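Dear colleague,

I am handing over the model that we spoke about, and my notes on it follow below. Please read them with the structure open beside you.

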Amino acid sequence: AGPTLKGPDRPESARAAAVWALAVFHAEEPDPALAKVLAERLAADEATPAELTLVRQMAAVGLGRMQAAEHLPALRACAERAGVNSEVGYSCFWSIERLTGEPIPAVSAEKRAVIGWFLQPLGERPRSGGGE
C-alpha cells in the first residue's frame, strides 16, 4: 500500500502518492527519464529547501520498483547517509535489495536518554558511614 491522502500533510502526501503511483505504473516498462527525476528527488536532502521526507522515501521505493539499476550509486549514497533506522534510509536499502539481492541490514534498537522527568531512578546513592 502506498501513501494516502488523509491527514494533515495532504500536499506532501499527494506528491508522495504521485511518485509512488508513477513508479507502480512504470514497474513493467521503466522510464529512464522518470528514474532520473526520482534519483534527483531522492538526493535533494541537502538542497534549499530540502525535498520532503515522504517524497524522498517514495522516490527511493520507486527506483527499486522500476528496476532502475543505473541509479544504484545514488541509492547506496543515500542509504549510507540516512542509515537503516530512518524511513528514507530503509527505503533505499529496500530498493538495493530488490536490485541486487543484498539483504537489508538489521535495524538497531535506539537507546535514548531522557532526563528531567519528575520521577527518575536514583541510581547509586552515596552511603553514610552508619549501619544501614
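Of the 132 residues of the protein chain, 32% count as buried, where buried means under 20% relative accessible area, exposed over 50%, and partly exposed in between, with a 1.4 Å probe and protein chains only. The model is a predicted one, in which local features need pLDDT of at least 70 and side-chain atom pairs count only at pLDDT 80 or more, while totals for chains, interfaces and linings use all residues. Residues are numbered from 1 along each chain as its sequence is written, and side-chain values use heavy atoms, with hydrogens and water left out.

The accessible surface of the protein chain comes to about 9000 Å², and 57% of that surface belongs to carbon and sulfur atoms; the areas come from the Shrake-Rupley method with a 1.4 Å probe, and for residues only the protein chains shown count as cover. The chain has five helices and zero strands, in the order α-α-α-α-α along the sequence, with helices (H or I, at least four residues) and strands (E, at least two) taken as DSSP runs and numbered from the N terminus. Among contacts between residues at least 6 apart in sequence, 56% join residues at least 24 apart, a contact being heavy atoms within 4.5 Å.

Helix α3 (53-65) is largely enclosed by the rest of the structure, because eleven of its 13 residues are buried. Those buried residues are Val55, Arg56, Gln57, Met58, Ala59, Ala60, Val61, Gly62, Leu63, Gly64 and Arg65. From its first C-alpha to its last, α3 reaches 18 Å, close to the 18 Å expected at 1.5 Å a residue, the expected span being 1.5 Å times one less than the number of residues in the helix.

Within α3, arginine 56 is buried, with a relative accessible area of 9%. Leaving aside its neighbours within four places in sequence, arginine 56 is in contact with Arg41, Leu42, Ala44, Asp45, Glu51, Cys78, Arg81 and Val88. One of these partners, glutamate 51, sits in the loop between α2 and α3 and is likewise buried, at a relative accessible area of 9%. With neighbours within four places in sequence again set aside, glutamate 51 is in contact with Arg15, Arg41, Ala44 and Arg56. Its C-alpha atom is separated by 9.7 Å from that of glutamate 40, which is eleven residues away along the chain.

Valine 24 belongs to helix α1 (residues 10-25) and counts as partly exposed, at 38% relative accessibility.

What follows α3? The helix is followed by glutamine 67, whose phi is positive, near 55 degrees. Most residues other than glycine have a negative phi. Glutamine 67 lies in the loop between α3 and α4 and is partly exposed, with a relative accessibility of 41%.

The axes of helix α4 (residues 72-82) and helix α5 (residues 87-100) come within 8 Å and cross at roughly 145 degrees; axes here are lines fitted to C-alpha atoms, for helices over the stretch in contact, and angles run from 0 to 180 degrees between N-to-C directions. On the α4 side, Leu72, Leu75, Arg76, Cys78, Ala79, Glu80 and Ala82 meet Val88, Gly89, Cys92, Phe93, Ser95, Ile96, Leu99 and Thr100 of α5. By class, this contact has ten nonpolar, three polar and two charged residues, where Ala, Val, Leu, Ile, Met, Phe, Trp, Tyr, Cys and Pro count as nonpolar, Asp, Glu, Lys and Arg as charged, and the others, Gly among them, as polar.

In α5 itself, Val88, Gly89, Ser91, Cys92, Phe93, Ser95, Ile96 and Leu99 are buried, and what covers them includes α2 (32-43), α3 and α4. The end C-alpha atoms of α5 are 20 Å apart, which agrees with the 20 Å that its 14 residues should span at 1.5 Å a residue. After α5 comes glycine 101, with a positive phi near 90 degrees.

With kind regards
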